[in-house]
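Subject: Structure handover

Hello,

Here is the structure for you to look at. Please open it first, then read the notes below with it on screen.

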Amino acid sequence: MLHKLSAIGVGGKLLTSIRSILSNRSQQVRVGKAVSNSHPVRSGVPQGSVIGPVLFILFINDITYSLPPTARTKLFADDLKSYISVTGDSCITNFSFLLDLISKWALKWQLPLSLPKCGWMHITNRAISRELSFNLAGHSLTKLFEIKDLGILYTSQLSFASHVSNICSKAKQRSYLLRKSFTSSCCEALILAFKTYVIPILEYCSSLWSPNQVSEILKIESVQRSFTRTLRCCRGLPYKDRLSICGLLTLEKRRLLADLVLFYKILHRHILTDLTDSLKLVVGPTRGHPLKIVYNGARINSRLHFFTVRTTKIWNSLPENIACAPSVDSFRRGLNSSSFDLSKFLILK
């Protein structure tokens, strides 16, 4: 760790302080008045420390430089995802070589891999003509057909149906607990609790998994329908009137607004992602606003409903005063104004 810190330019008193934290440490366990013998700590940092996660990120950050340029690698805390586009048998060989490089890096820097948690996935809509298998550090990797990545559940065919079912079940349980926990039937308090504790479950990373099938859209919307139906101030009213009384939007419209806001941030480089360079402005005079994006069609549904593809058409139809808004807040206000109707882009009317 000290070697890596020196290599990236950390020195002086800061490096001395970190060396003091990492070196000559010991630990004891205390239960009541009994204290165990002292044992030296040969690796790691004190659990719960602020600097610990930072040092770990700096420790593993250079693994991306050890991997071949044909591989794309993503790191989040202690989670590594590396992938290669497969176009032939040579790519399969390259993936095996990639796994070898990962195991060599771990061996070199004395950082053991959690092999039971490692696996591989073939993302494709086509049937695989032959059975594939891969090894990492002598351990046969499990082939995964479904995986949860940073809280998002998806399959090898990029289907998020299981994720939608999962969050709906969790949100309904949370909504039920709110009704049981509140002794008051005050509508304002219950609505605020619903916004705080239930809606975030249904909207986390929605730009990634936002559904396009009516059945899944209805399944998500049913959580809010059921909640508003139980409110004292909304009993016997249709869903549209209940939303108006509660000051709520449909969850489908909220997801659409989230898509457009994220699209605005990426286009104006408030957020730097791999998608930034793929959004190309239309060259030449255009009708409407000057920030229209070139629309690239899609051959398969998973691409057709991808975030940038599904949002580009809507973005291009925005009026100039909204698309060219000087800030994110003014862009949000423009989308929520009555001058532009987003309902024509919603599947549920």
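Which residues make a nonpolar surface patch of about 250 Å²? They are Ile8, Val54 and Leu58. Bear in mind that this is a predicted model. Start with Ile8. You will find Ile8 in the loop between helix H1 (2-7) and helix H2 (12-22). Ile8 counts as exposed because its relative accessible area is 54%, and the cut-off for exposed is over 50%.

**Two hairpins**

Next, go to strands E5 (residues 72-76) and E6 (residues 79-83). These strands run antiparallel, and five bridges join them. Leu75 faces Leu80 of E6 across the pair. Two residues sit between the strands of this hairpin. Ala77 has a positive phi there, near 55 degrees.

Now find strands E11 (residues 146-149) and E12. They are antiparallel too, with four bridges between them. Ile147 is opposite Tyr154 of E12. E11 and E12 form a hairpin, again with two residues between the strands. In that turn, Leu150 has a positive phi of about 55 degrees.

Stay with E12 (residues 152-155) for a moment. In a regular strand, side chains alternate between the two faces of the sheet. Which residues of E12 lie on each side? Ile152 and Tyr154 are on one side, and Leu153 and Thr155 are on the other. All four are buried, and both faces of the strand are covered.

**The cores**

How many residues does the largest nonpolar core have? It has 29. Those with the most contacts inside this core are Ile191, Val198, Leu202, Trp209, Ile220, Val223 and Leu231. Several elements each supply at least two of the core's residues: E12, helix H5 (161-181), helix H6 (187-197), helix H7 (199-203), helix H9 (214-230) and helix H10 (239-246).

Take Ile191 as an example. Leaving out residues up to four places away in sequence, Ile191 touches Phe227, Leu231, Cys246 and Leu248.

Then look at Ser175, which is in helix H5. Is Ser175 buried or exposed? Ser175 is buried, because its relative accessibility is 9% and buried means under 20%. Beyond residues up to four places away in sequence, Ser175 touches Phe194, Val198 and Phe227.

Helix H13 spans residues 307-316. Nine of its 10 residues are buried, so the helix is mostly covered; buried means under 20% relative accessible area. Among the buried residues are Phe307, Arg310, Trp315 and Asn316. What covers the buried residues of H13? The cover includes helix H8 (206-209), H11, H12, helix H14 (320-323) and helix H15 (328-336).

Last, find Ala298. This residue is in the loop between helix H11 (251-267) and helix H12 (301-304). Ala298 is partly exposed, because its relative accessible area of 31% falls between the 20% and 50% cut-offs. Neighbours within four places in sequence aside, Ala298 is in contact with Arg303 and Leu304. Ala298 and Arg310 are 12 residues apart in sequence. In space, their C-alpha atoms are 10.0 Å apart.

Best wishes

Methods: Residues are numbered from 1 along each chain as its sequence is written. This is a predicted model: local features need pLDDT of at least 70, side-chain atom pairs count only at pLDDT 80 or more; totals for chains, interfaces and linings use all residues. Side-chain values use heavy atoms; hydrogens and water are left out. Two strands pair if DSSP finds at least two bridges between them. Patches are made of residues with over 30% relative accessible area and no salt bridge: like charges are joined within 9 Å, nonpolar side chains (Val, Leu, Ile, Met, Phe, Trp, Tyr) within 5 Å. Accessible areas come from the Shrake-Rupley method with a 1.4 Å probe; for residues, only the protein chains shown count as cover. A salt bridge is a side-chain nitrogen of Lys or Arg within 4 Å of a carboxyl oxygen of Asp or Glu. Buried means under 20% relative accessible area, exposed over 50%, partly exposed in between (1.4 Å probe, protein chains only). Contact means heavy atoms within 4.5 Å. A nonpolar core is a set of buried Ala, Val, Leu, Ile, Met, Phe, Trp, Tyr and Cys residues joined through side-chain atoms within 4.5 Å.
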